[in-house]
Amino acid sequence: MTNLLLSLVAVSAFAFGSLAIPKSHSPLLVQTEHELDYADTKVPVILGVMSRCPDALLCESVFDHVLKKVIDRVDLSLSFIGAINATEPTFGVTCKHGPLECAGNVQELCALKYADATQFWEFLQCQNYQGRDKIGLAETALQCANTAKIDWEASGVGACTGLDGSGTASEGVQLLQESVRASQELGIKNSCTVLINGKQVCIHDGTWKQCENGHTPHDFIKQINEEYNRLNGINTDDRVIV
Ligand SMILES: *[C@@H]1O[C@H](CO)[C@@H](O)[C@H](O)[C@H]1NC(C)=O
């Protein structure tokens, strides 16, 4: 993106013989950057989850409200909880709610990796909306990809998941193992655990726990906006970001 902008600036500067204009004052640059004069660094948000876990579904429904306000300011990912287990034939991971949960985790990880953020989120909400006992089924994944307008083959989601939707293709299985290891390294033990910019801010495990700054959508939006402003050096005394 930045390279493209810089080359656009360079090309136009060349074309109009105005190489002396400093890049930072170029109207072209300001315009194409959507008039942002800061880096637009996204806030990493991680939900530690298991695809068939009721606590995960609850957290994800709360984040449905959160993302409506801040989807452009976050870099959202899911980190799956499970146990690496070499004797598990298909996944090499034991998932608490059974192999279909492992499959659901793979389907969600592949959508996260290859679909855009909005499509991924719609896919996830669709999976959850089918009910817990349908999550992980191939037909649920295929139907939800369709609902989320994910091009199953062209996007790469299909190859990652398995073109049949099974969640057993090697790339997706590897993503699941990496995700389970990452959760262990992050110390994520409970589904659901919410991390904002690397900091654990809340858990829902039967009930809300350790949510120092609240657990409503509004509370999460506020914390994300504060982190966003901090990461981008935005002084909220000068500029109101709501
Ligand atoms: C590892 O997987 C095997 C095969 O499914 C299973 O019998 C065993 O209980 C698993 N071990 C753990 C610690 O989950």
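**View 1. Surroundings of phenylalanine 63 in the predicted model.** In this predicted model, and leaving aside residues up to four places away in sequence, phenylalanine 63 touches Val45, Leu47 and Trp121 as well as Val194, Phe220 and Ile224. Phe63 is also listed, together with Leu176, Val194, Phe220 and Ile224, among the residues with the most contacts inside the largest nonpolar core, a set of 60 residues. Helix 3, which spans residues 54-70, supplies the largest share of this core, namely seven residues.

**View 2. The cis peptide bond between serine 191 and cysteine 192.** The peptide bond that leads from serine 191 to cysteine 192 is cis, with an omega near 10°. Cysteine 192 itself is placed in the loop that connects helix 8 (170-186) with strand 5 (193-196).

**View 3. Backbone of aspartate 40.** Although aspartate 40 is not a glycine, its phi is positive, at about 60°. The residue is found in the loop between helix 2 (27-32) and strand 1 (43-49). Because buried means under 20% relative accessible area and exposed means over 50%, aspartate 40, with a value of 24%, is classed as partly exposed.

**View 4. Backbone of asparagine 197.** Asparagine 197, which is likewise not a glycine, has a positive phi of about 50°, and its place is in the loop that runs between strand 5 and strand 6 (199-205). With a relative accessibility of 26%, asparagine 197 counts as partly exposed.

Technical notes:
Residues numbered from 1 in each chain as written. Predicted model: local features only at pLDDT ≥ 70, side-chain atom pairs only at ≥ 80, totals over all residues. Heavy atoms only, no water. Core = buried A, V, L, I, M, F, W, Y, C linked by side-chain atoms within 4.5 Å. Buried < 20%, exposed > 50% of the residue type's maximum accessible area, 1.4 Å probe, protein only. Helix = DSSP H or I, 4+ residues; strand = E, 2+ residues; numbered from the N terminus. Contact = heavy atoms within 4.5 Å.
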